[in-house]
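Subject: Structure handover

Hello,

Here is the structure I said I would pass on. My notes on it come after the coordinates.

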Amino acid sequence: MHNSADIPPHRFSAAPMMDWTDRHCRFFHRLLSAHALLYTEMVTTGAILHGPRDRLLAFDPAEHPVALQLGGSEPDDLATAARIGADAGYDEINLNCGCPSERVQKGAFGACLMREPALVADCVTAMRGAVDIPVTVKCRLGVDDDDEEQRLFQFVEQVSAAGCKTFIVHARKAWLKGLSPKANRDIPPLNYPLVAKLKRERPDLTIILNGGLASVAASSETITDLRLDGAMLGRAAYQNPWDLAEADPIFLSLIHI
Ligand SMILES: Cc1cc2nc3c(=O)[nH]c(=O)nc-3n(C[C@H](O)[C@H](O)[C@H](O)COP(=O)(O)O)c2cc1C
C-alpha cells in the first residue's frame, strides 16, 4: 500500500478556477481523489488584507492537500497574505502569473507579470521569507507578441533564482489585447514541446503541465511521454468530475517510473 507521503504532491492537481473551485467544489473533488492537489480560486491580496478574510479562506480539513492561489504584485502585501494563508492551514501558496482578465491587468498582476520577472522574483522572495510552506508560480508561455521561448525561459530563470522550485505552466501565451479570458484559454496555440524543453534544461525544477488536457488518463500519458513532473487539469476536472476517480489509481501507478 502507498500512503500519500509517497506521492510527489504535484503529480496530479486540479486547477484554480474563479467561481468554480470554491470549497464545496474542492470537497466534492476530494471525495473522488484522495491524493490530487486541489487549488483554490484566485484570491487577491486586497481581498485577504481588507475583505472578509475568514470566509474567503475557510476550507474543510478533508480538502488537504490544498493550495491557496494569490493574485497580487506587491511584495509586502503578498508576504502578509501568504502568512495569513499559511496560518489558515494551506499546504502551498501559489502566485497567479497567468490570468489575462482586464480587471487583473488594471491591478497589474496575473499574466502581465510574465513581463516583470524581476518583480515576480521580489514577490517570491518576500513570500518565501514569510512562510515555511512551498511557494509556487502558475504562469503562461508569455504574452502578446513575446517570443515564447525567450520569455518563458527568462522568466523561469529569474523567478527560480529567488527560490521558486515549482512552476505550473499553462502551455500557451495570453493575448492581453483583444481576447476575452475565455478565448484566452482556447485560441493561443498550445506548445507542450516548449514545456518539455524547459524541463530538459532545468531538471532541477518541478515543471507541471497545464492547458488542454482532456482527462486524467490523457494527462498521465502526456506527462509520461514528455517526461514532465505532473499535470494540472482545469475545465475537464470541473465539467467531468467523475473522471477524477481515475486519478489515484493512475498516478499511484506512476510513482516508481
Ligand atoms: C472558469 C475558470 C476560471 C479560472 N480562474 C483561474 C484562476 O483563478 N487562476 C488561475 O491561475 N487560472 C484560472 N483559470 C485557468 C485554469 O486554471 C487553467 O489554467 C486553464 O483553464 C487551462 O487548463 P484546462 O485546459 O485544463 O482548463 C480559470 C479557468 C476557468 C475555466
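This is a predicted model: local features need pLDDT of at least 70, side-chain atom pairs count only at pLDDT 80 or more; totals for chains, interfaces and linings use all residues.

Residue numbers start from 1 along each chain as its sequence is written. Helices (H or I, at least four residues) and strands (E, at least two) are DSSP runs, numbered from the N terminus.

The barrel. Eight strands close into it in the order β1-β2-β3-β4-β5-β6-β7-β8, with parallel pairing; two strands pair if DSSP finds at least two bridges between them. From one strand to the next the twist averages 25 degrees. Axes here are lines fitted to C-alpha atoms, for helices over the stretch in contact, and angles run from 0 to 180 degrees between N-to-C directions. Strand β1 (residues 12-14) is joined to β2 in the parallel sense by two bridges, and Ala 14 stands opposite Leu 38 in β2. Seven of the eight residues of β2 are buried. A residue is buried if 20 or more other C-beta atoms lie within 10 Å of its own, exposed if 12 or fewer, and partly exposed in between, with C-beta atoms placed from the backbone.

Strands β4 (residues 92-97) and β5 (residues 135-139) run parallel and share five bridges. Helix α6 packs on the sheet, touching β4 and β5, and its direction makes about 150 degrees with that of β5. Ile 93 has Val 135 in β5 as its bridge partner. Both residues are also in contact with Met 127, as are Leu 78, Ala 79 and Ala 82, leaving aside neighbours within four places in sequence. Contact means that the C-beta atoms, placed from the backbone, lie within 7 Å.

The core. The largest nonpolar core has 67 residues, of which Ala 82, Met 127, Phe 167, Val 169 and Ile 208 touch the most other members. Its largest share, six residues, comes from helix α6 (residues 117-130). Such a core is a set of buried Ala, Val, Leu, Ile, Met, Phe, Trp, Tyr and Cys residues joined through C-beta atoms within 7 Å.

The ligand. There are 23 residues around the ligand, and Ala 15, Met 17, Met 42, Gly 234 and Arg 235 come nearest; a residue is near if its C-beta atom, placed from the backbone, lies within 6 Å. β2 (37-44) and α10 (235-239) each supply at least two residues of this shell.

The region around α9. Helix α9 (residues 216-226) lies across β7 (206-210) and β8 (230-233), at about 145 degrees to β8. Arg 227 is in the loop between α9 and β8. Arg 227 counts as exposed because 12 other C-beta atoms lie within 10 Å, and its phi is near 60 degrees, a positive value in a residue other than glycine. Lys 199, in helix α8 (residues 192-201), is in contact with Ile 207, Arg 227 and Leu 228, again leaving aside neighbours within four places in sequence. Lys 199 is buried, with 21 other C-beta atoms within 10 Å.

Backbone points to check. Most residues other than glycine have a negative phi, and most peptide bonds are trans. The peptide bond from His 64 to Pro 65 is cis, with omega near -5 degrees. Asp 144 has a positive phi, near 45 degrees.

Regards

Conventions:
Two residues are in contact if their C-beta atoms, placed from the backbone, lie within 7 Å.
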